[in-house]
Amino acid sequence: MLLVEDEVLVRLTAAIGLEEAGFTVIEADDAEQAVAILNSHDDICAVFTDVNMPGSMDGIDLAQLVHARWPDVRILVTTGGADLSGGLPDGSDFVSKPYHADQVVSCLRRALAA
């Protein structure tokens, strides 16, 4: 799975929780890096992305691009702002910050099982 988060400590904490739950985690610190990783790895089954990131794309843009280019990849979006689930691509999930690792793991497992 691909974890996209620009805040290093948040990304590290999320990666640890996901790895402890059995996920193999590849990390990216912005959407552009995430797209490059997706282009070079055909085994990514899910993307967990923050909304607010530096660069030309935010997490919503990334979610829409992933949905269009890699429709089988599951998408989970997070932000400390309002619930954005209405603006996300079909099949995407949303978890609000601050989140607990168990919430993220549960959402990802549910999405991957669908």
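**Salt bridges, cores and surface of the predicted model**

Asp 50 forms a salt bridge with Lys 97, the closest N and O atoms lying 3.3 Å apart; a salt bridge is defined as a side-chain nitrogen of Lys or Arg within 4 Å of a carboxyl oxygen of Asp or Glu. Because Asp 50 lies in strand β3 (residues 46-50) and Lys 97 in the loop between β5 and α4, the pair ties together parts that are 47 residues apart in sequence. The structure is a predicted model, in which local features need pLDDT of at least 70 and side-chain atom pairs count only at pLDDT 80 or more, whereas totals for chains, interfaces and linings use all residues. Residues are numbered from 1 along each chain as its sequence is written, and side-chain values use heavy atoms, with hydrogens and water left out.

The structure holds 3 salt bridges. Glu 5 also pairs with Lys 97, with the closest N and O atoms 3.0 Å apart. This pair links distant parts of the chain, Glu 5 being in the loop between β1 and α1 and Lys 97 in the loop between β5 (93-96) and α4 (101-113), 92 residues apart. Asp 50 counts as buried at 3% relative accessibility, as does Glu 5 at 2% and Lys 97 at 19% (buried, under 20% relative accessible area; exposed, over 50%; partly exposed, in between; 1.4 Å probe, protein chains only). A further salt bridge joins Arg 11 to Glu 27, the closest N and O atoms being 3.0 Å apart. Arg 11 lies in helix α1 and Glu 27 in strand β2 (residues 26-28), so the pair ties together parts 16 residues apart in sequence. Arg 11 is buried at 12% relative accessibility, while Glu 27 is partly exposed at 33%.

The secondary structure comprises 4 helices and 5 strands (DSSP runs numbered from the N terminus: helices, H or I, at least four residues; strands, E, at least two). Along the sequence, the pattern is β-α-β-α-β-α-β-β-α. The C-alpha trace spans about 30 × 30 × 25 Å along its principal axes. Buried residues make up 46% of the 114 residues.

The largest nonpolar core has 23 residues, and Leu 2, Val 4, Leu 38, Val 47, Leu 62, Val 66 and Val 77 have the most contacts inside it; a nonpolar core is a set of buried Ala, Val, Leu, Ile, Met, Phe, Trp, Tyr and Cys residues joined through side-chain atoms within 4.5 Å. Two or more residues are given to this core by each of β1 (2-4), α2 (31-40), α3 (59-69) and β4 (74-79). Its largest share, 5 residues, comes from α2. Apart from this core lies another, of 16 residues, among them Ala 14, Val 25, Phe 48 and Leu 76.

Ala 14 lies in helix α1 and is buried at 9% relative accessibility. Residues up to four places away in sequence not being counted, Ala 14 touches Leu 3, Phe 48 and Tyr 99 (contact, heavy atoms within 4.5 Å). Thr 79, in strand β4, is buried with a relative accessible area of 4%.
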